[in-house]
Amino acid sequence: MLNNYSEQYPLVSALMWTTITVGVYLLSLTVFRLLGRRPAFHPMIFCIAMLAVVLFYAGVTVESYQGDTSLLTWLLGPATVALAVPLYSQIRSLRGNGLGIMLPILIGGAIAPILALAGLYFVPLDSDVKLSLLTKSITSPLAIETSQHIGGIPGLAVVIVIFTGIVGAVFGSITYRIFRVTSPQAQGLALGTVAHAIGTAQGFQMSQKIGAFATIGLCINGVLTAIILPIIFFLIS
């Protein structure tokens, strides 16, 4: 229904959907805070669900919505670069315990895509779908670029990335309680390495220190994955 409106008035449509998206996110964030900042009520869950309902009843296709909100997609890149600030705040910890920080990131970053592929090895899916899963634990901008280089589907990679982040953010705290993981460094590195930006945001909700170490995991794992995956794909293809 509103697709035609988007074609006739592209600037107005872009402004409208960008405003709606930001408004829905702020509403989701308010609900999250009012409900005690519990991981189960993570704002990404409410935001995605509400936007899906709005798009459905407005008759707007995903492609049209993506085009109208391309500014927000573009901002993902600068937002990722801005994570250098909390990363810099922990530069002393990184220097003083480099191997202790790098090793769990390398192991976690390698195990995550391997487990995903192992779980789907006997499932009859196309290879491009399986390759899209390899980028599930890095941020969306890196996942889009990396999936394009290894033969995956960028759009599907983004969906998988968001789903992975939500699962990590929701179940991270529960997992820490079950296995009695109390170190903020370990909690942060795990969230950033496995659940990327959404896990990092959840880390900052838990504490600044956890968020800072999640940023380290997010940045290092994202860069290493973006470099290593195309090389591995080139070698085995």
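Biologist: What does buried mean here, and what does exposed mean?
Modeller: Buried means under 20% relative accessible area. The model is predicted, and the term is applied to its protein chains only. Exposed means a relative accessible area over 50%.

Biologist: How many aromatic pairs are there?
Modeller: Rings of Phe, Tyr and Trp pair if their centres lie within 6.5 Å. By this rule the count comes to 2 aromatic pairs.

Biologist: Are the rings of Trp17 and Tyr65 stacked or edge-to-face?
Modeller: Their centres are 5.9 Å apart and their planes stand at 85°. Planes over 60 degrees apart count as edge-to-face, so the pair of Trp17 and Tyr65 is edge-to-face.

Biologist: How many residues apart in sequence are the parts that Trp17 and Tyr65 tie together?
Modeller: Trp17 belongs to helix 2 (residues 10–34), while Tyr65 belongs to helix 4 (residues 62–68). Both residues, Trp17 and Tyr65, are buried. The pair therefore ties together parts whose separation in sequence is 48 residues.

Biologist: Is Phe56 buried or exposed?
Modeller: Phe56 forms an edge-to-face pair with Tyr57, with ring centres 5.1 Å apart and planes at 85°. Tyr57 has a relative accessible area of 64% and is exposed. Phe56 has a relative accessible area of 64%, so Phe56 is exposed.

Biologist: How many charged residues does the lining of the largest pocket have?
Modeller: The largest pocket holds about 1900 Å³ of space and is lined by 46 residues, with Met44, Leu72, Leu76, Ser140 and Ile162 nearest its centre. Helix 2 and helix 4 are among the helices that each supply at least two lining residues. By class, the lining has 32 nonpolar and 14 polar residues, and the charged ones number no residues.

Conventions:
Residues are numbered from 1 along each chain as its sequence is written. This is a predicted model: local features need pLDDT of at least 70, side-chain atom pairs count only at pLDDT 80 or more; totals for chains, interfaces and linings use all residues. Side-chain values use heavy atoms; hydrogens and water are left out. Rings of Phe, Tyr and Trp (its six-membered ring) pair if their centres lie within 6.5 Å; planes under 30 degrees apart count as stacked, over 60 as edge-to-face and the rest as tilted. Helices (H or I, at least four residues) and strands (E, at least two) are DSSP runs, numbered from the N terminus. Buried means under 20% relative accessible area, exposed over 50%, partly exposed in between (1.4 Å probe, protein chains only). On a 1 Å grid over the protein atoms alone, a cavity is a set of points where a 1.4 Å probe fits but cannot get out, and a pocket is an open set with protein on both sides within 12 Å along at least five of seven lines; lining residues have an atom within 4 Å of a point. Grid points are joined across faces, edges and corners, and a volume is the space filled by probe spheres set on the points. Ala, Val, Leu, Ile, Met, Phe, Trp, Tyr, Cys and Pro count as nonpolar, Asp, Glu, Lys and Arg as charged, and the others, Gly among them, as polar.
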